[in-house]
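Please open the model in the viewer and display it as a cartoon.

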Amino acid sequence: MKKLFAIVALVAACSFCATSSVMAQDEEEATAPADTAAVDTAAVEEEPEAAPEEDVVVEEESASIHKALKTKFIEGDAGFMSLVALALVLGLAFCIERVIYLTLAKVNTRAFTDEVGAKVAKGDIKGAIAICEATRGPVAQLARKSLECLASDEQNDIVTIERTINTEAEVQGSYLEQHCSWITFFIASAPSLGFLGTVIGMVMAFDTIEKAGDISPTVVAGGMKVALITTIFGIIVALILQLFYNFILGSIESLTADMENAAQSLLTICVKSDRCKK
């Protein structure tokens with residue numbers, strides 16, 4: 001999982017570098033002399049006939065979407081927009097890590113407990129423990145801890161087995177909820193960063209009005225538009241992360257229910273075993 005997080009972080013760093021280069025190109029294009037535009041116009045007139053109309057429309061649409069997103073990102077103040085984008089990348093990294101972990105931890109609880117119970121009924125407790133060690137997930141860990149107590153000569157009473165199962169269930173539950181606090185942090189921080197960018201943008205807009213000495217609709221509307229873009233992107237990031245978080249919570253609840261059912265089944269299996277001290 002650490003390797004996965006490192007890969008996602010590397011991709012995020014590359015995306016920020018690409019964004020910076022794009023912004024630098026836009027600034028160079030904006031400061032280019034007017035003579036360049038005239039030369040480009042003359043060059044365009046000498047170019048051969050354009051491609052078919054359908055291909056041109058598709059290319060223009062894709063280019064317009066990319067250019068619109070790039071323009072909005074730059075208009076929203078690159079500093080605060082970069083922070084919002086960073087919150088999205090890091091939040092998605094934690095979400096993907098949790099989704100993979102919880103997906104791999106899911107097992108068929110009934111089939112697993114039936115297989116373990118069949119081994120214990122035959123007296124092959126070591127074989128049942130081997131099955132638990134070969135299976136990933138919290139249910140298998142509960143079964144392994146309970147069977148290790150059953151196999152011992154000092155902890156094979158039902159009270160100790162039940163206490164061991166409850167303790168291991170708490171430990172596995174904490175593993176399931178690991179990194180969830182970071183996801184909630186990025187869900188809350190993304191709109192907060194957007195609001196902060198909006199407030200600072202409004203302050204800058206009022207400074208522009210003060211310097212101009214005139215409350216013109218153009219100055220006010222332009223400043224407010226730029227300021228509100230950060231809020232829009234912050235809310236979008238929070239919504240995306242919230243969808244992943246709800247899926248993660250549902251998976252945790254499902255695994256918790258599986259652990260509760262497995263605990264009851266394991267207690268029954270241990271009580272029926274001849275090695276269990278009643």
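A contact means heavy atoms within 4.5 Å. By that criterion, residues 24 or more positions apart account for 81% of the contacts in the chain with a separation of 6 or more. This is a predicted model, in which local features need pLDDT of at least 70, side-chain atom pairs count only at pLDDT 80 or more, and totals for chains, interfaces and linings use all residues. Residues are numbered from 1 along each chain as its sequence is written, and side-chain values use heavy atoms, with hydrogens and water left out.

Colour by secondary structure: the chain has 10 helices and zero strands (DSSP runs, H or I of at least four residues for helices and E of at least two for strands, numbered from the N terminus).

Next, select H5 (residues 109-121) and H6 (residues 125-133), whose axes come within 7 Å and cross at roughly 155 degrees. H5 is therefore roughly antiparallel to H6 (an angle over 145 degrees, taken from 0 to 180 degrees between N-to-C directions of lines fitted to C-alpha atoms over the stretch in contact). Show side chains here: Phe112, Glu115, Val116, Lys119 and Val120 of H5 meet Ala128, Ile131 and Cys132 of H6.

Finally, centre on Ala238, in helix H10 (residues 217-272). Is Ala238 buried or exposed? With 12% relative accessibility, Ala238 is buried (under 20% relative accessible area, where exposed is over 50%, with a 1.4 Å probe and protein chains only). Beyond residues up to four places away in sequence, Ala238 touches Ile187, Ala190 and Pro191. The C-alpha atom of Phe186, 52 residues apart from Ala238 along the chain, lies 7.5 Å from that of Ala238.

Definitions and conventions
Angles under 35 degrees count as roughly parallel, over 145 as roughly antiparallel, 65 to 115 as roughly perpendicular and the rest as oblique.
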